[in-house]
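Here's a quick briefing to read with the model open beside you. We'll start with the overall build and then go through a few spots worth a look.

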Amino acid sequence: MAVVFLLYVIAEVAAVWAVASAIGFIPTLGVLLAGAFLGSWLARREGGKAARAFMTTARAGRPAHAEVTNGMLVGLGGLLILLPGFVSDVAGLLLLLPPTRGIVRRAWVRRIERRAPAAYRTNQVIVVDSEVVDEPRREQNPPPHPPQHPVIDSW
């Protein structure tokens with residue numbers, strides 16, 4: 001995990017360095033700020049759409065698998081947009097746009113289905129070998145016993 005984080009930081013610094021070398025330092029800050037504002041607006045809009053789609057599907061009584069995964073990917077995209085840097089902004093923007101989010105969602109679901117146990121992937125019946133053990137019967141109405149402690153009745 002530390003190696004992935006280090007590679008991410010190196011990629012972000014290299015991207016900011018390249019853009020700053022091409023357009024200058026102040027315009028680079030402007031592009032980063034504009035990306036953050038545009039991304040947060042887009043994340044809010046797409047998050048609202050995902051929430052409405054989930055509520056509509058849930059009220060209809062249908063499974064909302066696609067809506068839940070869309071909402072999770074929108075949340076991840078919004079988080080990536082808020083991180084400073086161009087690499088995270090591009091990744092977040094790709095998760096916020098519906099066409100690319102659909103591609104990522106299908107790939108993610110396929111990966112989860114491959115890693116799931118075989119019993120969950122198909123409609124197989126699982127047979128468990130078991131044995132029924134009868135317990136001795138107890139009396140239906142045991143004789144009443146006097147209470148061992150005083151009973152206080154409010155009526």
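A quick word on terms: helices here are DSSP runs of at least four residues, numbered from the N terminus. By that count Glu12 sits in helix H1, which covers residues 2-23. Keep in mind that this is a predicted model.

**Overall build**
- The protein has six helices and zero strands, so read from the N terminus the elements go α-α-α-α-α-α.
- There are 155 residues, and 19% of them count as buried.
- Take the contacts between residues at least 6 apart in sequence, and 54% of them join residues at least 24 apart.

**The Glu46 network**
- A search of the whole structure turns up three salt bridges.
- Which residues are linked in a network of salt bridges? They are Arg45, Glu46, Lys49 and Arg101.
- Glu46 pairs with Arg45 at 3.0 Å, N to O.
- Glu46 also meets Lys49, here at 3.8 Å, N to O. These two are three residues apart in helix H2, which puts about one helical turn between them.
- As a reminder, an α-helix has 3.6 residues a turn, so residues three or four places apart point the same way.
- Arg101 forms a salt bridge with Glu46 too, the closest N and O atoms being 3.1 Å apart. This pair ties together distant parts of the chain, with Glu46 in helix H2 and Arg101 in helix H5, 55 residues apart.
- Is Glu46 buried or exposed? Its relative accessibility is 2%, and the cut-off for buried is under 20%, so Glu46 counts as buried.
- Arg101 is buried as well, at 7% relative accessible area.
- Arg45 is partly exposed at 34%, and Lys49 is partly exposed at 41%.

**Glu12, buried without a partner**
- Glu12 is buried yet has no salt bridge. The nearest side chain of opposite charge belongs to Arg101, 19 Å away.
- What does Glu12 touch, once residues up to four places away in sequence are set aside? The answer is Pro84, Gly85, Phe86, Val87 and Ser88.
- Two of those contacts, Phe86 and Ser88, are among the buried residues of helix H4.

- Helix H4 runs over residues 86-96, and its buried residues include Asp89, Gly92, Leu95 and Leu96.
- Which helices do the buried residues of H4 pack against? They pack against H1, H2 (25-60), H3 (65-82) and H5.
- Gly77 lies in helix H3 and is buried, with a relative accessible area of 0%.
- Leaving out neighbours within four places in sequence, Gly77 is in contact with Gly92, Leu95 and Leu96.
- Gly77 and Val90 are 13 residues apart along the chain, and their C-alpha atoms are separated by 9.3 Å.

**A positive patch**
- Arg106, Arg110, Arg111, Arg114 and Arg115 gather on the surface as a patch of positive charge.
- Arg111 belongs to helix H5, residues 98-115, and is partly exposed at a relative accessible area of 45%.
- Patch members must have over 30% relative accessible area, so Arg111 at 45% clears that cut-off.

Technical notes. Residues numbered from 1 in each chain as written. Predicted model: local features only at pLDDT ≥ 70, side-chain atom pairs only at ≥ 80, totals over all residues. Heavy atoms only, no water. Buried < 20%, exposed > 50% of the residue type's maximum accessible area, 1.4 Å probe, protein only. Lys, Arg positive; Asp, Glu negative; His and termini not counted. Salt bridge = Lys/Arg side-chain N within 4 Å of Asp/Glu carboxyl O. Contact = heavy atoms within 4.5 Å. Patch = residues over 30% accessible without salt bridge, like charges linked within 9 Å, V, L, I, M, F, W, Y side chains within 5 Å. Areas by Shrake-Rupley, 256 points an atom, 1.4 Å probe, with all protein chains shown as cover. Charge placed at Lys NZ, Arg CZ, Asp CG, Glu CD.
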